Amino acid sequence: MESCGLYIHIPFCLRKCNYCDFISFEYKKELAEEFLLALFSELSLLSQEYDQTILETIYLGGGTPTCLSGEELARIIEGVKEHFPVKEGAEITCEMNPATGVEKDLKIMREAGINRISIGVQAFDDRILQYLGRVHNLSEALKTYYTVREVGFDNINLDLIFAIPGQTRKDWQDSLEIALKLNPEHLSLYNLKIEENTPFYYDYLNGKLKPVDEDTEYWMYQDAINTLKNAGFEHYEISNFARPGYASRHNLGYWHYKPYLGVGPGAHGFFGSLRYQNTDDLEEYISCLTRNKLPRQEELHLTCKDQMEEFVIMGLRVLEGVSLDEFRKRFGESLLEIYGTQIKKLIKLGLLNLKGNYLALTEKGLFLGNEVFAEFLL
Ligand code: SF4
């Protein structure tokens, strides 16, 4: 049996946020039911193709999974277990929006086996939340956090965004301090990206939105690293911080280049040398599965070169770095020989470090990750 992760994309949101380009549609009860039936059919088809796999982690992401009721989410977990064996102690995460997920639903989710909650707080600041177009406010975020805790979840992540136009370093620090007072096990911190075809993108094109300058963004990132490290968090991935023992096992699977299956509209999967992407059109997704056909938009058979590139680029995101032994075990070649020129150049620039068996980003490299990754494209 091969271990793998499972990502489930729930394509519904209460309302679209101003910066978001994720695949999500307005939640409607009848549509959600059609989606669930299609999802079960996809799980069934996949389980026939991958009948020698056991799930180590399950991640319900979106969209807003908690647009669905506790019962509906429990049905999904049941559906997964009907088609795939799930390892004892598997990590099962569900993302939630602070404006959704009431106590009753959370209790049902916990009973269904969900053991990790990731709350999309984004900012503890009403002015900024409103600017982002979030549907929740500060007091709802706090209330939701306490409810999740009271229901008994002992592994909670908070998502926060920085480098938002109009957000000062002080605003950002205030959000971090509030987050720390809540004492979550995990924090994911993302810098705001202006994605194409979002309201923010059009504001940017019209000159109404001025992105935060690079210096401020850099210092916001450094402020976060210092604040969270001082509070006892491990900075284990470019954007992720955890209390010891609480790193996200599902996401570590991606960064360690382990196989995963993805179900739902727009979901990706990676298994063996196959990388696939589902259609992001919800109607087409449902229609394919009604005809018992996998809703694939793209299937790519990765060459050895593709896999080497991805292995290094994903692995460098983790602060521990890429294991030279793992690279050799997987590809039968030496990472230092294949990428000798690039590695020498990046070490000289102070962006990479060689620490024993690991090649890792330096502190400077953490902020310039994309520049470093570009060097590893063969
Ligand atoms: S809640 Fe999340 S997925 Fe939904 S629109 Fe907002 S950012 Fe996008």
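Predicted model: local features only at pLDDT ≥ 70, side-chain atom pairs only at ≥ 80, totals over all residues.
First, the ground rules. Local features need pLDDT of at least 70, side-chain atom pairs count only at pLDDT 80 or more, and totals for chains, interfaces and linings use all residues. Residues are numbered from 1 along each chain as its sequence is written, and side-chain values use heavy atoms, with hydrogens and water left out.

The ligand, then. Residues around it, with a heavy atom within 4 Å, include Cys13, Cys17, Cys20, Gly63, Asn97 and Arg134. By class, the shell has five nonpolar, three polar and three charged residues. Here Ala, Val, Leu, Ile, Met, Phe, Trp, Tyr, Cys and Pro count as nonpolar, Asp, Glu, Lys and Arg as charged, and the others, Gly among them, as polar.

Next, Ala112. Ala112 sits in the loop between α3 (103-111) and β6 (116-122); helices (H or I, at least four residues) and strands (E, at least two) are DSSP runs, numbered from the N terminus. Is Ala112 buried or exposed? Ala112 is buried, because its relative accessible area is 17%, and buried means under 20%, exposed over 50%, partly exposed in between (1.4 Å probe, protein chains only). Leaving out residues up to four places away in sequence, Ala112 touches Ala74, Ile77 and Lys81, contact being heavy atoms within 4.5 Å. Ile77 is 35 residues from Ala112 in sequence, with 6.7 Å between their C-alpha atoms.

Last, the sheet. β16 is joined to β17 (residues 358-361) by four bridges, and Leu352 stands opposite Leu361 in β17.

Note on methods. Pairing = 2+ DSSP bridges.
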